[in-house]
Amino acid sequence: MKSKEAQQTPAIQVLERMFSLLDVLAQHQDPVSLKALSEATGLHPSTAHRILNDLTLGRFVDRPEAGSYRLGMRMLELGNLVKARLDVRDAALPAMRELHKFTHQPVNLSVRQGDEIVYIERTYSERSGMQVVRAVGGRAPLHLTSVGKLFLASDDSPRVRAYATRTGLSGHTRNSLTDIGSLERELAMVRQRGIARDDEELELGVRCMAAGIYDDQAKLVAGLSISAPADRLEESWVVRLKETAAQISAALGHRA
């Protein structure tokens, strides 16, 4: 039986050498000399030169001047194809199911569209004891939801104030934040803690906590939230919620 390390080694030696050269090039923004590549990979200069020449023919590597190399445009093209296939819902759903098993409460995936969040996926069961009011595709104002607050917290102050002017910060319950001062203080806490909350601000009897999901450009693209009856939301879930959101972000190419 082969060891785990052996199983991870390419069966074709030239591929292993090619991967090592590409890995070194990926660590540098500026062109890298053949000598530096040879030293970093342990390959003889003539061997490295032959492989780099073939990679240049395939546009995986560029040679801006004789004796120096950098990653080529073909790598960008392929990377964009992979990125286009990374759907946040597909990346999130398995992790959402695990989080639901842990909490036994609804787990929601939401994205921002304008001044609202849109629920794009949810995992829940009858065991939660909570009726799901907003189905997948439902919308809610940013300032009344935990995920919406994550997106507002990622905006600067002028954008937050512009949002407040556009929407009037209308409330749904007695707990809703309906003035800009209260909202800005709440958003400051969101930025500090990395977690946003909805304390019966959208619906009486329902509380939520949310963590952000980020793409490979460190852009906030979605929010993961746990909803529960107000007396059942447990603070101990915060750690697991953050870990799950980070796991989904990593699947989208985010590096913490």
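Modeller: Let us begin with strand β8, which is mostly covered, 8 of its 9 residues being buried, where buried means under 20% relative accessible area, exposed over 50% and partly exposed in between, with a 1.4 Å probe and protein chains only. This is a predicted model, in which local features need pLDDT of at least 70 and side-chain atom pairs count only at pLDDT 80 or more, whereas totals for chains, interfaces and linings use all residues. Residues are numbered from 1 along each chain as its sequence is written, and side-chain values use heavy atoms, with hydrogens and water left out.

Biologist: What sheet do the 6 strands form, and in which order do they stand?

Modeller: Strands of a sheet pair through backbone hydrogen bonds, either parallel or antiparallel. Here the 6 strands make an open sheet with antiparallel pairing, in the order β6-β5-β4-β9-β8-β7; helices (H or I, at least four residues) and strands (E, at least two) are DSSP runs numbered from the N terminus, and two strands pair if DSSP finds at least two bridges between them. The edge strands, each pairing on one side only, are β6 (139-141) and β7 (196-199). On average, neighbouring strands of this sheet are turned by 30 degrees against each other, direction ignored.

Biologist: How many bridges join β7 to strand β8?

Modeller: There are 4 bridges between β7 and strand β8 (residues 206-214), and the two run antiparallel. Alanine 196 stands opposite alanine 210 in β8, and aspartate 198 stands opposite cysteine 208 in β8. The hairpin of β7 and β8 has 6 residues between the strands, and in this hairpin glutamate 200 takes a positive phi near 55 degrees. The hairpin of β8 and β9 has 5 residues between the strands, and alanine 218 in the turn has a positive phi of about 65 degrees.

Biologist: Which residues of β7 lie on its covered face, and which on its uncovered one?

Modeller: In a regular strand the side chains alternate between the two faces of the sheet. For β7, Ala196 and Asp198 make up the covered face, while Arg197 and Asp199 make up the uncovered one.

Biologist: Which strands does helix α6 touch where it packs on the sheet?

Modeller: Helix α6 (residues 88-103) touches β4 (107-113), β5 (116-123), β8 and β9 (220-229), and its direction makes about 65 degrees with that of β5; contact means heavy atoms within 4.5 Å, axes are lines fitted to C-alpha atoms, for helices over the stretch in contact, and angles run from 0 to 180 degrees between N-to-C directions. Helix α10 (residues 237-251) also packs on the sheet, touching β7, β8 and β9, with its direction at about 35 degrees to that of β8.

Biologist: How do the axes of helix α7 and helix α9 cross?

Modeller: Two packed helices are described by the angle between their axes and the distance between the axes. The axes of helix α7 (residues 146-153) and helix α9 (residues 180-193) come within 9 Å and cross at roughly 85 degrees, which means that α7 is roughly perpendicular to α9; angles under 35 degrees count as roughly parallel, over 145 as roughly antiparallel, 65 to 115 as roughly perpendicular and the rest as oblique. Lys149, Leu150, Leu152 and Ala153 of α7 meet Leu183, Glu186, Leu187, Val190 and Arg191 of α9 in this contact. By class, the contact of α7 with α9 has 6 nonpolar, no polar and 3 charged residues, with Ala, Val, Leu, Ile, Met, Phe, Trp, Tyr, Cys and Pro counted as nonpolar, Asp, Glu, Lys and Arg as charged, and the others, Gly among them, as polar.

Biologist: What is the arrangement of α2 and α4?

Modeller: Helix α2 (residues 13-26) and helix α4 (residues 45-57) have axes that come within 10 Å and cross at roughly 80 degrees, and α2 and α4 are therefore roughly perpendicular to each other. The residues of the contact of α2 with α4 divide into 9 nonpolar, 1 polar and 1 charged. Helix α4 also lies across β2 and β3, running at about 105 degrees to β2.
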